[in-house]
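Thanks, everyone. I have one structure to walk through, and I will go region by region. Please have it up on your screens.

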Amino acid sequence: MKITVIGLGKVGMEIIRRLCEEGHDILVIDKDESKLSKIYENNLDVIAMKGNGSSARILKSPEVAGSDLLVAVTNSDEINMIACMMAKKMNIPRTVARIRDPDHARDLIVSKEDMGLDLVVNPEYAAAMEISRLLTVALPVHTELFADGKILMADVTVDETMTAFVSRKIKDVELPRACLIVAISRRGEMVIPGGKDIILSGDTIYLLGHSESVNKFCMKIKKKKQKMQDVIILGGGRISYYLAEKLNSQGIRVKIIEQNLERCRDLAESLPETLVLQGDGSDIEILKREGLKETDGFVAVTGIDEENLLLALLAKQMGAKRVVAKVSRPSYTSMVERLGVDAAISPRLNMVSEILRFIRGGRLLSLFLLLNGQAEVFEIIVQPGTKIAGKALKNSGMPKGVIIGAIIRGEDTIIPEGNDVILENDRLVVFALGHIMHIIENLFNLGGSPLEQKPYY
C-alpha cells in the first residue's frame, strides 16, 4: 500500500515506524530539513521530500500521485485540512487529518465528508474522553471492551494484600472458568506467561474473559471505587477544556489550575460551570489550599511529562483517591506502575492507534496498543479460505507471543483451550506481543488492501 505522510513530528515519526514494519511504501513530506534527517538516522525505509505538504506543486508531484492514503499530521490544523482537500482532488482515495482546535473539531462533525476527510483525529479530545472514563468507571482497574461488550480485558496491579495472586504460579491461581491471564507487565516489560510462571507483588496482570466474569472477579479483589464528585485539573490546555466540559456534564465539580492569565480568562468564559484558578500548580501550598487531600480525582496535564508524573505521585501520597498523568513520551507510561500513579495517558499513542486501525481498514474491528505499544489487542473475522480455519488452536501455527483470548461464534462466547477449533466467520480477540501484524495477516489471509474492504466502524 502506498501512503503519503505529511508532517514529521513525534506523531508522524511513530506512524512511519509502524507502517514500515508492516511493509507499506511510505513517502514523508516536511519543510524542515532537520526533521527529515531523522529518517536516515533511524534507518527507516521511506522516501523523504522537503516541501509544504499543502502546496499543489507537491501534491501533484509524481512521488505523491497514485497514493492510496494521505495522512496529514502537521502542527497546523489548516495545513492538514487543505492538504486533505487537495489530495481528494488529486484522486487520492483516503485521507486522515489531525484537527486539534475545539472550534475546528466541532465544525467538522457535520462537514468532514464535504472537506474530503475520511478520518479526523483529535488527540486531546480522545485523551480527555479516556481520562474521564478512567475517573468515572465503576471498576477500580483499567478496562477495555471487545466484541460489542461481550469480552472485557482488565489490568490489575497486584499488591501484598492479594494473597490469591502473590507468589503463586499461574496454573495455581483460581480464576473464573471464563477468564484467562493473557499477559504480565513487570517493571515496564510485558510477557506472556506460562503456567509455571510466578506472580509477584507489583506485577500488573492482564485478565481477559466474559465481561460479567471479569467484572465480578475484579470486584472481589478490589474495593469498589467511590463516586467521583470533585476533580482538580493541573494545566489549562485543550485536554483540560475537553475534560472539564465532559465532567461538568456528568455533574462533577471541577477546578482547573493554570498559570497563564489570558488562558484562565478563556477557560472561565468557555466553561461557566468550572472554577478556574490562576496559579502555579507545582506549588504544594496552592494544591493543599485547594483541597488536594480531599479531592476524588487529580489530573496532571501540563506540557512537562516529568512535572505531571511527579505531581501525580505527590497527589496520590497526599490522599487524592484517583490520579491520572498525561505523558507525551509513550515510553514514560511504563514508569507508572513503578511510581504508584493510577494511570498515564499518552495522546500520541492513542492517536497512532486510531490511525493504524483506520489504515488497516476492515481487516480489524478494533485495535488497542498497550504499554507503549509493546503489545496489541485486536479483533478480526476469520475469512472463508483462511489457513487457520478448521484447525485446533494447538495445531494452528500461531506464532510465539500470540494468544487467541476469545472466540465469538454467533451468540456463543468461548474462552478457548488448545483443543478448540477455529471456524470460518468466527470473531477472534487476539493478544500479541510486539508488532507482528504482517505475520497475522499471512496466517489469516488478510493481505488484501484494506481500502478495498468494508470498514466495521
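Helix 4 covers residues 77-89, 13 residues in total. From first C-alpha to last it reaches 19 Å, close to the 18 Å expected at 1.5 Å a residue. That expected span is 1.5 Å times one less than the number of residues. Helices here are DSSP runs of H or I with at least four residues, strands are runs of E with at least two, and both are numbered from the N terminus.

A word on the source. This is a predicted model: local features need pLDDT of at least 70, side-chain atom pairs count only at pLDDT 80 or more, and totals for chains, interfaces and linings use all residues. Residues are numbered from 1 along each chain as its sequence is written, and side-chain values use heavy atoms, with hydrogens and water left out.

Back to helix 4. Its buried residues are Asp77, Asn80, Met81, Ala83, Cys84, Met86 and Ala87. Buried means under 20% relative accessible area, exposed over 50%, partly exposed in between, with a 1.4 Å probe and protein chains only. After the helix comes Asn91, with a positive phi near 70°.

Next, helix 1. Arg18 is in it. Arg18 is buried, at 4% relative accessible area. Its side chain makes a polar contact with the side chain of Glu14, at 3.0 Å. A polar contact is a pair of N or O atoms within 3.5 Å; within protein, one must be able to donate a hydrogen and the other to accept it, and residues adjacent in sequence count only if both atoms are side-chain atoms.

Now the aromatics. How many aromatic pairs does a search of the whole structure find? Two. Rings of Phe, Tyr and Trp (its six-membered ring) pair if their centres lie within 6.5 Å; planes under 30 degrees apart are stacked, over 60 edge-to-face, the rest tilted. Tyr125 and Tyr242 are edge-to-face, 5.3 Å centre to centre, with 90° between the planes. This pair links distant parts of the chain: Tyr125 sits in helix 6 (residues 123-136), Tyr242 in helix 8 (residues 238-249), 117 residues apart. Tyr125 is partly exposed, at 41%. Tyr242 is buried, at 4%. Tyr241 and Tyr242 have ring centres 5.6 Å apart and planes at 65°, so that pair is edge-to-face. Tyr241 is buried too. Tyr125, Tyr241 and Tyr242 form one aromatic cluster.
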